[in-house]
Amino acid sequence: MLPAVSLRTSRLATRVVGRDARTIVTTANPLPAMFLRGGTSKGIFIRRSDLPEDPSQWMPIFQGIMGSPDPEYRRQLNGMGGGVSSLSKICVVGAPSTPARESEVDVEYTFVQVGIEDGVLDLSGNCGNLSSMIGVFALDEGLCSPRNVDEGSGLATVRSFNTNTSKIIDTTFPISLSEESPFPVLDIPQVEMAGVPGKASRIVLQFVNPGGARTGKLLPTSNPVDVLDFTSDSSSPSQIPASLVDATNPTVFIAAEDLSRIFGVQENALNTKYYASAEVEAVLERIRQAGAERMGLDPTAKAQPKIAVLSHSGEQSGDADIVIHAFSMGVLHKAVPMTVGLCLGVAAGIEGTLAHGIAVKTRTERGAALGDLIRIRHPGGVVEVGADFAEDGSVVNAQVLRTGRRLMKGVVWW
């Protein structure tokens, strides 16, 4: 087991927290925490019992932990954040909150995206990468026992409930049974994932019934493709086809072919450098907001829905089925948010969507059938995602392989 951490340096901080100035809470400062990598994200993991019961009182605590708001420098040097959305995340983990839920899952958690510039806490969606470490944290902290333990394979499965999306997620990973209780083993050289150096233990992340995570429907408009109206600059009205899909997290998918026509450039000009320009990011944000409105979501919420540009896999993309450039909190992601990758894996299995059309075209040109796993190339490499569908077209599950690492266990000041 991990060593216990002395909290002799901790003090109880009585502070005015929340919108209601009359609300006084007493919260330890520093707080017990773990700093973990999950996939291509890193975040602070905190026990639910160490925080105020009312989530509206979390803002000053989480802002202090991450070093937000930081509108001038965007580096979060005063906290644990790293100045990019994939490094400004917190997971709050605890036991199931109701007896009914306790019979279904082992643990529950809330994901919090902390705004870098404004310090706003966004609880509107989930993080697929950090979800892969919920089971590990829960076992390390003694919050639960694994739902399933296969002594023959040395694997354990922890089932969690995500409060952001009201969805169930299973994580399966290697364990050691030599301890008093199953201990997650993360350093077996089994899997190498794009964006992370070296190999580590295989963590299977499976989202159960992921459709309608935010809107209640896999296709919020019931259409595989919609046409969105937006302004490409201050006055010019434009239109662009988009697939609006809600699986694990809602995402607006558009095609690079259509975007290139709006900018009046060749599709091959839409490379990583081009996507990172302020002009392109501004236009994509307007498209994202138009998609949010069509999906019935708040267009001013930056975290959800995400937006991603899809393109055909050329010779430079190897045997990938789809190329993706995804944006998180208005900025081009250096890899792909895992919930967006999983959503794309689901979208590729829905006939009529932009993703399905691109994947089928790519596989046809290679003389290959559209299989269970979709290979997605992003700016950092390639990831494989899969989805299983029922006969009625609903999504049974979506899954991906991740790795993770413990980085720190101790206390964090806020």
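**Exercise 1. Where is the place of Pro30?**

Welcome! Before we start, keep in mind that this is a predicted model.

Solution. Step one: look between strands β2 (24-29) and β3 (31-38), because the loop that joins them is where Pro30 is placed. Step two: check the peptide bond from Asn29 to Pro30, which is cis, with omega near 15 degrees. Pro305 is found in the loop between α7 and β18.

**Exercise 2. Find the phi value of Arg74 and of Asn209, and say where each residue lies.**

Solution. Step one: recall that most residues other than glycine have a negative phi. Step two: read the angle of Arg74, whose phi is positive, near 55 degrees. Arg74 belongs to the loop between α1 and β5 (89-94). With a relative accessible area of 30%, Arg74 is partly exposed. Asn209 lies in the loop between β14 (203-208) and β15 (226-231), and at 43% relative accessibility it counts as partly exposed.

**Exercise 3. How many residues of helix α1 are buried, and which are they?**

Solution. Step one: locate helix α1, residues 59-66. Step two: count the buried residues, which are six of its eight, so the helix is mostly covered. Step three: name them: Pro60, Ile61, Phe62, Gln63, Ile65 and Met66. Step four: go just past the end of α1, where Gly67 takes a positive phi of about 85 degrees.

**Exercise 4. Why is Cys91 in no disulfide?**

Solution. Step one: note the total for the structure, which holds zero disulfides. Step two: find the nearest cysteine sulfur to that of Cys91; it belongs to Cys127 and is 6.5 Å away. Step four: check the surroundings of both residues. Cys91 counts as buried at 1% relative accessibility, and Cys127 is buried with a relative accessible area of 5%.

**Exercise 5. Describe two of the aromatic pairs and a charge that sits over a ring.**

Solution. Step one: start with the total, four aromatic pairs in the whole structure. Step two: take Phe45 and Phe137, with 5.6 Å from centre to centre and 45 degrees between the planes, a tilted pair. Phe45 lies in strand β4 (residues 41-47) and Phe137 in helix α4 (residues 134-140), so this pair ties together parts that are 92 residues apart in sequence. Both Phe45 and Phe137 are buried. Step three: turn to Tyr275 and Phe327, whose ring centres are 6.2 Å apart. Their planes stand at 75 degrees, so the pair is edge-to-face. Tyr275 is part of helix α6 (residues 272-275) and Phe327 of strand β19, so the pair links parts 52 residues apart in sequence. Tyr275 is buried, with a relative accessible area of 1%, and Phe327 is buried as well, at 4%. Step four: look for the charge. The charged end of Arg101 sits over the ring of Phe161, 3.8 Å from its centre.

**Exercise 6. What are the volumes of the two largest cavities and of the largest pocket?**

Solution. Step one: begin with the cavities of 30 Å³ or more, of which the structure holds two. Step two: the largest cavity has a volume of about 120 Å³. Its lining has 18 residues, with Lys89, Gln113, Asn126, Lys306 and Pro337 nearest the centre. By type, the lining divides into six nonpolar, 10 polar and two charged residues. Step three: the second largest cavity has a volume of about 70 Å³. Lys306 and Phe327 are among the residues that line it, and α7 gives the largest share of the lining, four residues. This lining divides into four nonpolar, two polar and five charged residues. Step four: finish with the largest pocket, about 800 Å³ in volume. Of its 37 lining residues, Val84, Ser85, Ser86, Ile116 and Ser328 are the closest to its centre. The lining divides into 13 nonpolar, 13 polar and 11 charged residues.

Technical notes:
Residues are numbered from 1 along each chain as its sequence is written. This is a predicted model: local features need pLDDT of at least 70, side-chain atom pairs count only at pLDDT 80 or more; totals for chains, interfaces and linings use all residues. Side-chain values use heavy atoms; hydrogens and water are left out. On a 1 Å grid over the protein atoms alone, a cavity is a set of points where a 1.4 Å probe fits but cannot get out, and a pocket is an open set with protein on both sides within 12 Å along at least five of seven lines; lining residues have an atom within 4 Å of a point. Grid points are joined across faces, edges and corners, and a volume is the space filled by probe spheres set on the points. Ala, Val, Leu, Ile, Met, Phe, Trp, Tyr, Cys and Pro count as nonpolar, Asp, Glu, Lys and Arg as charged, and the others, Gly among them, as polar. Helices (H or I, at least four residues) and strands (E, at least two) are DSSP runs, numbered from the N terminus. A disulfide is a pair of cysteine sulfur atoms within 2.5 Å. Buried means under 20% relative accessible area, exposed over 50%, partly exposed in between (1.4 Å probe, protein chains only). Rings of Phe, Tyr and Trp (its six-membered ring) pair if their centres lie within 6.5 Å; planes under 30 degrees apart count as stacked, over 60 as edge-to-face and the rest as tilted. A charge sits over a ring if NZ of Lys or CZ of Arg is within 6 Å of the ring centre and within 35 degrees of the ring normal.
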